[in-house]
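Work through the exercises below with the structure open beside you. Try each task before you read its solution.

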Amino acid sequence: MSEEKKYFVHESSYVDEDVEIGDGTKIWYFCHIQKGARIGKKCSLGQNVNISNNVKIGDGVKIQNNVAVYEGVELEDYVFCGPSCVFTNDLTPRAKYPKGSAAYKPTVIKKGASIGANATIVCGHTVGEWALIGAGAVVCDNVPAHALMLGVPAKRKGWACECGELLRDSSLVCPVCGRRYIETENGLVEDN
């Protein structure tokens, strides 16, 4: 890290003007951070990551290699994006008839959610807090908090604890950390 900046950007990466990068963030090889992007503290962007115009990324986010976070996508705190996962921002794109950012459908990935390698998140949806999207899944609808989503199209196949462990029975008690959950219409909430 340089003396004047409290974050690291590899010399092969390019950061446009009017970008905010939080303390302790590391941006590795061949990345491009576009105008208006806001990246929180202690994030890690792997090789070949593109952060498009006006994207907002929270604190503690980890984006693995070969991910493009397009305009209209927001990643809240502690989101994990696996290698080569895909975000979209236009449901009906045409090269001949571009619509521009006014037509982008917003996508929000809530706090702590994890997206597996090569998964696709179709725009206009929200992935709930601490949800776990399996590798290669295609998310075409909103995802409840703590949901384990697998397949094409992605379907809920179980629940995941905040710590990442799968909840293996109907007690909704994590076998590793002991957190207890209650099922609601929006997914799981921790039973304090």
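Predicted model: local features only at pLDDT ≥ 70, side-chain atom pairs only at ≥ 80, totals over all residues.

**Exercise 1.** Find how many salt bridges a search of the whole structure gives. Then work out which parts of the chain the pair R38 and D18 ties together.

*Solution.* 
- Step 1. Start with the total: the search finds seven salt bridges.
- Step 2. Take one of them. R38 and D18 join through their side chains, with an N to O distance of 3.0 Å.
- Step 3. R38 belongs to strand β6 (residues 38-39), while D18 sits in the loop between β2 (14-15) and β3 (20-21), so the bridge ties together parts 20 residues apart in sequence.
- Step 4. Check the surroundings. R38 has 25% relative accessibility and is partly exposed. D18, at 45%, is partly exposed too.
- Step 5. Look for further links. D18 and R38 are in a network of salt bridges with E20.

**Exercise 2.** Decide for D90 and for K99: buried or partly exposed?

*Solution.* 
- Step 1. Confirm the contact. The side chains of D90 and K99 form a salt bridge, 3.2 Å from N to O.
- Step 2. Recall the cut-off: buried means under 20% relative accessible area.
- Step 3. Apply the cut-off to D90. Its relative accessibility is 17%, so D90 is buried.
- Step 4. Turn to K99. Its relative accessible area is 38%, and K99 is partly exposed.

**Exercise 3.** Locate R179 and E162, and say how far apart in sequence the parts are that this pair ties together.

*Solution.* 
- Step 1. Check the distance. The closest N and O atoms of R179 and E162 are 3.6 Å apart, and the two residues form a salt bridge.
- Step 2. Find the loops. R179 lies between β23 (166-167) and β24 (181-184). E162 lies in the loop between β22 (155-160) and β23.
- Step 3. Read off the result: the pair ties together parts that are 17 residues apart in sequence.
- Step 4. R179 is partly exposed at 24%, and E162 is partly exposed at 28%.

Notes: Residues numbered from 1 in each chain as written. Heavy atoms only, no water. Salt bridge = Lys/Arg side-chain N within 4 Å of Asp/Glu carboxyl O. Helix = DSSP H or I, 4+ residues; strand = E, 2+ residues; numbered from the N terminus. Buried < 20%, exposed > 50% of the residue type's maximum accessible area, 1.4 Å probe, protein only.
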